[in-house]
Amino acid sequence: MHFSCSFQPCQIVCLEHHQTCLYAEVIQILATRSMLWLRPLMLAGGPVLTRPPFPDECRELYDLREGADLVWPQSLFRLALDTEVIPLLMELQSFPPPEPGFSQIAHDRLRAFVQQVWQAHPEAFEGC
């Protein structure tokens, strides 16, 4: 997986793996290392997310805004499309206040996603 794109701070990027997408805001580009400092926003799983879901489609959406930042290889990410991000952000805003333990579930899902991506793309992490 390799995307050639010039990222800028404040842009929202996406890392897709299987049917799950990690959306994050670019904080800083670490050009000398080809890495991105990212602030995770949400983890969305389910049907292809580059189009609006139909009413009978299910997806999981996890709020990661209160979590830790990540530094990841730039080559794994693409710019997120407005048409995919805006509906997800609107859905995220409609979430009730998190219950105790909810954010732990979201971060456990992120941890599992990170591990899957590491295993699927070890070449992207060489020399990091």
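The following questions and answers go through a predicted model of one protein chain.

Residues are numbered from 1 along each chain as its sequence is written. In this predicted model, local features need pLDDT of at least 70 and side-chain atom pairs count only at pLDDT 80 or more, while totals for chains, interfaces and linings use all residues, and side-chain values use heavy atoms, with hydrogens and water left out.

Reader: Which pattern does the protein chain follow along the sequence?
Author: Helices (H or I, at least four residues) and strands (E, at least two) are taken as DSSP runs, numbered from the N terminus. On that basis the protein chain has two helices and six strands. Read along the sequence, their pattern is β-β-β-β-β-β-α-α.

Reader: Over how many bridges do S1 and S2 pair, and which residue in S2 stands opposite Leu15?
Author: Two strands pair if DSSP finds at least two bridges between them. Strand S1 (residues 12-17) and strand S2 (residues 20-30) pair in the antiparallel sense, and their hairpin has two residues between the strands, where His18 takes a positive phi near 55°. The bridges between S1 and S2 number six, and the residue opposite Leu15 is Leu22.

Reader: Which residue in S6 is the bridge partner of Cys14?
Author: S1 also pairs in the antiparallel sense with strand S6 (residues 78-79), over two bridges. In S6, the partner of Cys14 is Arg78.

Reader: Is Leu88 buried or exposed, and how far apart in space are Leu88 and Met42?
Author: Leu88 is found in helix H1 (residues 82-93), and because its relative accessibility is 2%, Leu88 counts as buried, where buried means under 20% relative accessible area, exposed over 50%, and partly exposed in between (1.4 Å probe, protein chains only). Not counting residues up to four places away in sequence, Leu88 touches Tyr23, Met42, Ala44, Arg59 and Leu61, contact meaning heavy atoms within 4.5 Å. Leu88 and Met42 are 46 residues apart in sequence, and their C-alpha to C-alpha distance is 8.5 Å.

Reader: What is the angle between the planes of Trp118 and Phe125?
Author: Rings of Phe, Tyr and Trp (its six-membered ring) pair if their centres lie within 6.5 Å, with planes under 30 degrees apart counted as stacked, over 60 as edge-to-face and the rest as tilted. A search of the whole structure finds three aromatic pairs, among them Trp72 and Phe77, which are edge-to-face at 6.4 Å centre to centre and 75° between the planes. Trp118 and Phe125 are also edge-to-face, at 6.1 Å centre to centre, and the angle between their planes is 90°.
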